[in-house]
Amino acid sequence: MNPIKLKEYTFLAISVELPKTTLLVVTSDKGYIMCGALDVALLNDKLKDRRIVAGRATGVKTIDQLLEAPLESVTYEAEALGIHRGMIGKDALLKMV
């Protein structure tokens with residue numbers, strides 16, 4: 001876990017090394033972006049009542065790549081904040097403050 005700065009805001013970057021994969025997350029108090037392990041459909045459908053703000057980027061292997069990658073999918077709540085598919089991870093995070 002490491003704090004990272006984007007503009008004047010601080011986010012928490014979490015990297016968890018698991019067998020055969022690494023779980024990557026960067027979070028704020030309002031939401032998060034995550035590697036391909038995130039199931040956006042589950043958040044939008046089965047957990048809709050939780051109103052989770054999240055985005056998913058695929059093919060990333062580091063936190064830096066996650067920050068620079070276009071989001072492959074986002075939750076409905078993220079869309080409501082102006083976060084959209086194709087938006088770069090760090091730009092999405094700045095909408096989550």
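What follows is a short exchange about a predicted model.

Colleague: What is the order of the elements from the N terminus on?

Modeller: They run β-β-β-β-α-β-α-β-α-α. That comes to four helices and six strands.

Colleague: Why is Lys 7 called exposed?

Modeller: Exposed means over 50% relative accessible area. Lys 7 has 67%. That is over the cut-off, so Lys 7 counts as exposed.

Colleague: Where is Lys 7 found?

Modeller: Lys 7 is in the loop between strand 1 (2-6) and strand 2 (9-18). Its phi is near 55 degrees, a positive value in a residue other than glycine.

Colleague: How do you know that Arg 51 belongs on the exposed side of the cut-off?

Modeller: Its relative accessibility is 55%. The cut-off is over 50%, so Arg 51 is exposed.

Colleague: What makes a set of residues a nonpolar core?

Modeller: The members are buried nonpolar residues, joined through side-chain atoms within 4.5 Å. Buried means under 20% relative accessible area. The largest such core here has 31 residues. Val 26, Ile 33, Leu 67, Ile 83 and Leu 93 have the most contacts inside it. Elements giving two or more residues to this core include strand 3 (21-27), strand 4 (31-34), helix 2 (63-68) and helix 4 (89-94). In soluble globular proteins, nonpolar side chains tend to be buried together.

Colleague: What does Ile 83 touch, leaving out residues up to four places away in sequence?

Modeller: Ile 83 touches Val 53, Leu 71, Val 74, Ala 78, Ala 92, Lys 95 and Met 96.

Colleague: How do you know that the radius of gyration agrees with a compact globule?

Modeller: For 97 residues, the globule rule gives a value near 13 Å. The protein has 12 Å, so the two agree. The C-alpha trace spans about 35 × 30 × 20 Å along its principal axes.

Colleague: What share of the residues counts as buried?

Modeller: 39% of the 97 residues. The accessible surface comes to about 5,800 Å². Carbon and sulfur atoms hold 51% of that surface.

Colleague: What share of the contacts with a separation of 6 or more joins residues 24 or more positions apart?

Modeller: 34% of them.

Colleague: How far apart are the mean positions of the positive and negative charges?

Modeller: They are 1 Å apart, for 13 positive and 12 negative charges.

Technical notes: Residues numbered from 1 in each chain as written. Predicted model: local features only at pLDDT ≥ 70, side-chain atom pairs only at ≥ 80, totals over all residues. Heavy atoms only, no water. Buried < 20%, exposed > 50% of the residue type's maximum accessible area, 1.4 Å probe, protein only. Contact = heavy atoms within 4.5 Å. Rg over C-alpha atoms; globule rule 2.2 N^0.38 Å. Areas by Shrake-Rupley, 256 points an atom, 1.4 Å probe, with all protein chains shown as cover. Lys, Arg positive; Asp, Glu negative; His and termini not counted. Charge placed at Lys NZ, Arg CZ, Asp CG, Glu CD.
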